[in-house]
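Welcome! Open the model in your viewer, keep the selection tool handy, and follow the stops below.

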Amino acid sequence: MIGRHKHCIALADYSRAEILEVLDLAVSMKEVLQRPIKKVPSLRGKSVVNLFFEASTRTRSSFEIAAKVLSADALNWTSSSSSVTKGETLIDTARNLEAMRPDVLVIRHSAGGAPQLVAEHVGCAVVSAGDGAHEHPSQGLLDCFTLREKLGTLEGKTVAIVGDISHSRVARSDIHAMTKLGARVRLCGPPTMIPAGVEALGATVHYGLREAIEGADAVVMLRIQHERIGDPLIPGTREYSKLWGLNAKKAAEWLRPECVILHPGPINRGVELSPEVADGPQSVILDQVQNGVAVRMAILYLLAGGNPAESGEAKA
Amino acid sequence: MAEVLFIEGGRVIDPASGTDGVRTVVVRDGKIAEVAERLERPRDARVFDARGKWVTPGFIDLHVHLREPGQEYKETVATGARAAVAGGFTAVCAMPNTKPVNDNASVTELVLARAAAAGLARVYPVGAISKGSNGEELAEFGELLAAGCVALSDDGRPVLSSALMRRALEYAKAFGLPLTVHEEDLQLVGKGVMHEGAASTRLGLKGIPGAAEDVMVLRDIALAELTGGRLHIAHVSSQGAVRAVRAAKARGLAVTAEVTPHHLALTDEDVAASGYSTDYKMNPPLRSAEDVRACREGLADGTIDAIATDHAPHSAVEKDVEFDAALNGITGLETAFPVCLSLVRAGALPERRLVEALTIGPARAFGLAGGALAGGAPADVAVLDPVAEWTVDPARMYSKSRNTPWKGSRLTGRCVMTIVGGRIVHEEGRTER
Amino acid sequence: MNAQELQRAVKRLAEEIAERARAAGAAPRDVAIVGIRRGGVHLAERIRAELARSLRAEPPLGTLDIALYRDDLSERGAAPIIGPTDIRFPVAGKLIVLVDDVLYTGRTVRAALDELVDFGRPRRVWLAVLVDRGGRELPIAADFVGVRLQVADEDVVEVRLTEGGAPEDAVVVKRRGT
């Protein structure tokens with residue numbers, strides 16, 4: 001359980017305290033990753049199934065490593081090897097996997113709401129690894145973890161999120177988590193990539209990059225998906241990169257020196273981020289990767305941790 | 001049927017005649033014999049005690065999908081007609097998007113034959129505007145009219161070609177048939193699955209702007225003005241569409257419109273609150289609170305003529321899937337009255353206007369018989385209990401399908417008796433399932 | 001056990017450890033103290049201070065949080081609060097003195113041993129506890145014991161130290177319902 005939650009599907013439903021519960025535990029988990037033997041037995045005998053309907057090497061690997069560091073067994077079930085192409089419904093697939101009695105089902109799906117649909121039909125804990133343009137809760141949590149590590153706190157900090165907000169589940173999870181932790185969130189991108197009514201989530205909207213990132217404590221640069229080009233959300237990558245991409249010159253002139261730069265990956269070098277910035281001193285992109293494992297360990301640990309009804313004072 | 005039925009003590013609401021008060025309705029030989037305050041009744045008359053109930057003309061639904069022929073696993077003419085009379089509807093207009101499409105006399109005749117065999121609600125087929133409803137060639141309106149169609153529609157999809165729409169409006173004038181149109185610009189809709197706004201943004205679902213409906217409504221009003229054809233806007237859902245229809249009527253154009261109970265009662269925030277429940281997915285989508293307010297105002301002030309359910313049954317196979325993948329539509333015949341009655345209780349709609357929009361309003365929009373309790377007319381009557389509370393249990397509904405957002409809800413108001421042509425076709429606690 | 005008695009017990013523990021370390025031929029720099037969170041941490045600090053005096057060298061100090069090594073996660077339900085494990089010295093080849101406040105079932109010590117060996121291969125591990133209350137569920141014994149208590153299964157033995165916020169040091173046996 002994470003607070004009241006049996007599942008980790010949407011940070012929109014998580015309270016500040018529930019978010020902090022994961023982030024605090026992830027500190028201890030990160031310490032485990034620094035040890036000579038990066039393995040603890042706490043989830044021995046538990047199993048985690050990664051059910052991926054969308055290609056994703058990095059998120060799947062991150063969950064897989066997190067499970068293995070905790071000694072859980074991890075099984076990967078990807079769409080290419082699944083029954084989806086044979087016309088099996090999502091609910092049937094999930095029920096079939098559940099018959100294998102996993103403790104946690106990690107699911108990525110192109111349709112918003114798919115993890116919730118699965119959660120309504122299975123008994124095990126469900127973790128969303130990203131659903132459509134809805135949420136990517138573990139990414140939102142690892143971004144907050146990274147910012148807490150780098151900035152000390154999110155309270156009173158300003159975070160700019162730049163890119164295709166309308167198609168970004170990362171942006172949504174970031175907005176929910178960061179605002180709950182006290183940060184001010186600015187959203188920036190071409191107007192065609194700013195979704196209707198997004199201000200209602202508690203963020204401000206800016207079309208100009210400079211106004212969005214000037215004075216910010218952190219900048220999250222989102223990946224521009226190639227299929228959006230000519231969608232017709234933007235005319236092309238050249239103008240996008242010129243107006244909304246971050247290069248060394250803009251970073252030097254507009255960013256505070258202590259501002260950190262995040263990116264959920266994989267980066268389109270030269271489109272949203274120039275190589276000098278991606279690999280520069282302000283970039284914390286590689287920290288995000290390691291923190292991702294720690295945060296996912298914390299999520300798996302809390303959700304695979306058994307039944308609260310059996311809770312009692314243990315002797316030890 | 002030689003029997004005489006006295007419906008006594010009920011509050012008769014008949015907007016067509018302006019009657020609203022306690023009256024006795026006498027049904028004899030399948031017709032309304034009399035509606036009067038005090039009547040001597042013969043000893044052998046059957047009496048229905050309607051005290052505390054409303055007695056209204058049978059409801060007329062301009063927009064239902066009965067799925068037969070072709071998709072009988074969702075609904076048949078018989079099960080749909082059964083659901084209709086359970087909801088107080090004595091006549092329904094069956095949309096042509098069956099398999100095959102009702103674009104010729106043989107399909108029309110099949111629907112009518114099934115309806116006659118069921119002997120429940122009157123079923124008025126709606127013929128297709130274009131062959132196969134594929135928006136390319138006009139269907140044969142003369143044949144459809146002769147076979148029994150009362151209107152024309154490519155419902156389920158818009159008539160995308162402005163030129164075809166123009167010719168359809170013109171050609172239909174020869175037959176006096178109204179065109180009832182599903183208005184959405186498919187390019188603006190794109191892959192949208194719900195109303196575009198803060199709720200779709202939060203859910204990460206692709207949005208459909210209200211403007212996708214507005215631009216088509218405005219186009220068709222312009223074409224109706226050009227041609228003088230009879231235009232009926234199906235399931236109005238956006239504030240822009242309401243404004244456009246209001247302006248068209250003010251200019252004296254022959255434009256009418258309908259709105260569904262769900263577009264009057266639910267918003268896009270209900271989609272969010274439901275947690276991606278596909279029972280909240282329909283087309284047009286549930287819109288913003290402002291749109292709902294505009295639809296209610298449009299219904300109250302007469303801009304919108306009729307309440308139509310857009311009863312769209314689907315099986316679990318089509319609904320127990322991802323929101324993106326689910327088919328559009330919900331059932332509506334058995335919940336329409338209580339859902340709309342909630343608007344009356346909320347002060348959004350006068351009682352008389354509610355009954356009007358379910359009876360004489362739709363009758364006039366399509367030029368159908370009925371919708372009034374006039375002496376000598378076929379006795380199509382609904383008796384309604386406006387205070388009865390009940391819980392919506394899909395397993396106990398008459399429709400073959402269970403896709404309703406009111407699953408498990410407590411609703412107030414239900415139909416206790418329905419009479420079609422003088423025959424009691426539904427009586428609460430009496431008729432067999 | 002009152003503050004004075006507790007003080008004496010800690011001192012005696014340290015003396016015994018120093019003596020046995022000398023007898024085993026361990027050089028002072030080869031000895032390290034590791035407290036098991038949370039009860040063993042402050043005790044380990046005290047023992048180290050005493051040891052530093054007798055060995056004339058300050059042995060390195062570490063802490064272990066055994067939460068991730070527990071074998072009862074699924075029975076406990078709500079996850080325990082996990083604190084940091086902090087071992088900043090090489091474990092390999094060391095004489096490690098594991099310190100805990102109360103020895104009971106032995107499961108904590110079992111988990112601590114598992115965790116410790118994941119940091120390296122110590123030459124030898126000793127266990128020092130302030131209170132041995134019996135009730136072992138595993139074949140584990142302490143090398144150094146401050147005091148042995150006979151208490152019923154349902155009783156709770158608490159070691160209260162001023163570092164942990166107690167007004168004064170004490171060992172208290174709480175009977176169930178009191």
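What percentage of the 433 residues in chain B is buried? Buried residues make up 59% of chain B. Keep in mind on this tour that the model is predicted.

**Stop 1: chain B as a whole**

You will find 15 helices and 18 strands here. Along the principal axes, its C-alpha atoms fill a box of roughly 65 × 50 × 40 Å. Among the contacts in chain B with a separation of 6 or more, 76% link residues 24 or more positions apart.

**Stop 2: the two domains of chain B**

Now colour residues 4–55 and 377–427 of chain B as domain 1, and residues 58–366 as domain 2. Their centres, taken over C-alpha atoms, are 25 Å apart. Where they meet, 29 residues of domain 1 of chain B are in contact with 41 residues of domain 2 of chain B. On the domain 1 side, look for strand 16 (381–391), strand 17 (410–420) and strand 18 (423–427) of chain B, each of which supplies at least two residues. Strand 17 of chain B has the largest share, seven residues. By class, this side of domain 1 has 16 nonpolar, eight polar and five charged residues.

**Stop 3: from chain B to its neighbours**

Bring chain A into view next to chain B. Their contact takes 18 residues from chain B and 22 residues from chain A. On the chain B side, select helix 6 (residues 198–203), which gives the most, with five residues. The chain B residues on this side divide into seven nonpolar, six polar and five charged.

Two pairs of chains are in contact, and chains A and C share the most contacts. No contact joins chain B and chain C; their closest C-alpha atoms lie 27 Å apart.

**Stop 4: the two domains of chain A**

Across the boundary, 23 residues of domain 1 of chain A are in contact with 24 residues of domain 2 of chain A. The elements that give two or more residues to the domain 1 side are helix 1 (16–33), strand 4 (125–131) and helix 11 (285–303) of chain A. Helix 11 of chain A gives the most, with six residues.

**Stop 5: helix 2 of chain A**

Select residues 57–69 of chain A to see helix 2, which has 13 residues and reaches 18 Å from its first C-alpha to its last. Its buried residues are A:T59, A:R60, A:S62, A:F63, A:A66, A:A67 and A:V69. What covers these buried residues includes helix 1, strand 1 (47–52), strand 2 (73–78), strand 3 (104–109), strand 4 and helix 11 of chain A. Just after helix 2 of chain A, A:S71 takes a positive phi of about 70°.

**Last stop: the largest nonpolar core**

Which residues touch the most other members of the largest nonpolar core? Of its 287 residues, they are A:V22, A:L105, A:V162, A:V219, A:A298 and A:L300. Helix 11 of chain A gives the most to this core, with ten residues. Zoom in on A:L105: not counting residues up to four places away in sequence, A:L105 touches A:V49, A:L51, A:A94, A:L97, A:V118, A:V122, A:C124 and A:V126.

Note on methods
Residues numbered from 1 in each chain as written. Chains lettered and ligands numbered in written order. Predicted model: local features only at pLDDT ≥ 70, side-chain atom pairs only at ≥ 80, totals over all residues. Contact = placed C-beta atoms within 7 Å. Helix = DSSP H or I, 4+ residues; strand = E, 2+ residues; numbered from the N terminus. Nonpolar A, V, L, I, M, F, W, Y, C, P; charged D, E, K, R; others polar. Core = buried A, V, L, I, M, F, W, Y, C linked by C-beta atoms within 7 Å. Buried ≥ 20, exposed ≤ 12 C-beta atoms within 10 Å, placed from the backbone. Expected span 1.5 Å × (residues − 1). Domains from an automatic or database assignment.
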